[in-house]
Amino acid sequence: MPGRYTITRDDVAHVAELARLELSEAELDMFTEQLGAVLGHAADVAALDLAGVPPTSHALALTNVLRPDEPRPCLDRTEVLVAAPSVEDDRFRVPSIMGEAP
Amino acid sequence: MAATDLPAGWEMVVGLEVHCELKTATKLFCGCPNVFGDEPNTNVCPVCLGLPGSLPVLNQQAVELAMAIGTALGCEIRPSTFHRKNYFYPDMPKDYQISQYDEPINVDGHLELPDGSVVGIVRAHLEEDTGKTTHAGGTGRIHGSDHSLVDYNRSGVPLVEIVSAPDIRSATQARAYAAELRAVLVATGASDGRMEEGSMRVDANVSVRRSPDDPLGTRCEIKNLNSLRSLARAVEYEARRQVELLEAGERVVQQTRHWDEDAGRTIALRSKEEATDYRYFLEPDLVPVVPDAQWVTAVADTLGMLPAARRRRLEELLTTDGAGTGDTPGGGAAPTPAQLDQIATVVDLGLDDLVVETVAAGVAAPLVLARSANEAATDPDLARKLDPVAFAGLLGMEASGSLSATQVKAVLSELLHTGGDPAAIAASKGFEAMAEDDLVSTVAGLVADHPDEWARYRDGDDKLAGFFTGLVMKATQGKANGKAVAAELRRLRG
């Protein structure tokens, strides 16, 4: 079903907006073509007979990689905040946000 | 509970999403301390600040607490994976939250409420918390603030999100569900259950419909519910708001709404984005968690008795101790509604072991339960350390009539603080049982002083017994035993 893997210019514009990317008209055309080629490659996999093959969730054949619940040293706050564009009351100062987090 | 019914012909449908911060020593994916109330931005590292090149490593204890919650809720514990949920918000420095998506660790459970109703649990999955944003300047509220301040101490703290099925049908039931879930979370050791500190946060999905046979109506999600009281009020308000819209011929718009506790209403925040806009994809830096049967069993073995079982234990204790005083539907003496409330109180405060051990030391269960729920419960921290043998000794003196109820309360107050021998404390307070002769002469004197009241009592007006008992208590400064006074009054009446 090659039709499943097409991508439209509107799709690219939508994803760009979600990623807060400002793309020119020429860039929209370019990325529609490039992303279409990437999806076309995935279509090659869809052409294979994969009945009975479980989906791969990770490239590494590992499970249960865990660490003990033991505290480790943190960064020094002065060092952390010096990297911030703006600081107030030992917190990162950011522009006001309309609405709450999703 | 203030909840009332919706107008006739309407039904509310509620599902709750509860976020529970896990009581681990460190965060979900890094070794920063998981502590509430520390100085801002002191418990942070490259992982929880989202600095480039940092890599998450999963906390074993967080996984095991999530499994404990799943076990307590009767869930199936499954192999699970982590996804990235992508969005931009300053409290989320990586610009994505690591959460479990289509393969959560716990699915298909249920929670039984004290009234016997059962609410389904769809899933209980692991995810990381965000940083804490304070809206500053302007009015101090979200709207009207001119900038925000972010503290990342909470960023990466482990959460379990527990999603109920839309099985809840009233504000009262919503509150009971949240209260029971909190008790279960505390009992598993996963959470301290402190809603006021945000360690348990509740969002409510509310819709209404005409009939249980109708499809689900359009729902609104209510946020900012910081107490069980807020939850009940907000659910009630929101369901009524939707009914009024629909009865006016308008429609409900799916949206997120913010509960304003002071104004007592919900306010629209923003239209809800499509779930696909989060562009979930598998977190490439974490591998699957696959609990085997041995691991699941080991975690289950660490679980103590859950609140429902602890309540049942006390109900059975009352019934078998032969002293229940309520209805007798099954032949045995069932606990009264007041006793069921007392049971809920002692279980909630963790005094149930005290009750069981004190009854085992030879005191009737109803008296132990009442004194535990009403008197000992005034200082639960001390009451949990109370020696059951000393408590039994004290209540034994009340049961035998050596001490009045008033005197028992005074002795208990001291016993809680100092411990020791209740008989010695009673003696030190001058609480000695009135000699029978003294009681007889006191009652006789008061009867002689109040001939009119005595005549009415003698003619069958039993309310006057309370009048005379009150006089005796006053005359003896509470030393008389109420039961002995009543017996003496009955004896004199003949």
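So, to start: how do the axes of helix 2 (residues 171–187) of chain B and helix 3 (residues 228–247) of chain B cross? They come within 8 Å of each other and cross at roughly 150°. Quick notes before I go on. This is a predicted model, where local features need pLDDT of at least 70, side-chain atom pairs count only at pLDDT 80 or more, and totals for chains, interfaces and linings use all residues. Residues are numbered from 1 along each chain as its sequence is written, while chains are lettered from A and ligands numbered from 1 in the order in which they are written.

Helices (H or I, at least four residues) and strands (E, at least two) are DSSP runs, numbered from the N terminus. Axes are lines fitted to C-alpha atoms, for helices over the stretch in contact, with angles from 0 to 180 degrees between N-to-C directions.

Back to that pair. Helix 2 of chain B and helix 3 of chain B are therefore roughly antiparallel; angles over 145 degrees get that name, under 35 is roughly parallel, 65 to 115 roughly perpendicular, and the rest oblique. Their crossing is right-handed, meaning the near helix is turned clockwise from the far one by less than a right angle, with anticlockwise being left-handed. On the helix 2 side of chain B, the contact includes Ala171(B), Arg175(B) and Ala178(B); on the helix 3 side, Leu228(B) and Glu236(B) are among them. In contact here means C-beta atoms, placed from the backbone, within 7 Å. By class, that's eight nonpolar, one polar and two charged. Nonpolar covers Ala, Val, Leu, Ile, Met, Phe, Trp, Tyr, Cys and Pro; charged is Asp, Glu, Lys and Arg; the others, Gly among them, are polar.

Next pair. Helix 5 (residues 307–320) of chain B packs on helix 7 (residues 352–360) of chain B at about 25°, axes 10 Å apart. That makes the two roughly parallel, and their crossing is left-handed. Arg310(B), Arg313(B), Leu314(B) and Leu317(B) in helix 5 of chain B meet Asp352(B), Val355(B), Val356(B) and Val359(B) in helix 7 of chain B.

Phe468(B) of helix 15 of chain B and Leu489(B) of helix 16 of chain B are among the contact residues, which divide into six nonpolar, two polar and no charged.

Now, chain A. It has three helices and three strands, in the pattern α-α-β-α-β-β. How many residues of chain A are in contact with chain B? There are 35, touching 48 residues of chain B. Strand 3 of chain A gives the largest share of that side, five residues.

The chains share strands as well. Strand 1 of chain A pairs with strand 2 (residues 58–59) of chain B in the parallel sense over two bridges, and DSSP must find at least two bridges for a pair. Leu66(A) stands opposite Leu58(B) there. Then there's an open antiparallel sheet of four strands, ordered 2(A)-3(A)-9(B)-8(B). Strand 2 (87–88) of chain A and strand 8 (132–136) of chain B stand at the edges, each with a single partner strand, so one side of each has no neighbour in the sheet. In the chain A part, Glu88(A) stands opposite Arg91(A) in strand 3.

Methods
Contact = placed C-beta atoms within 7 Å.
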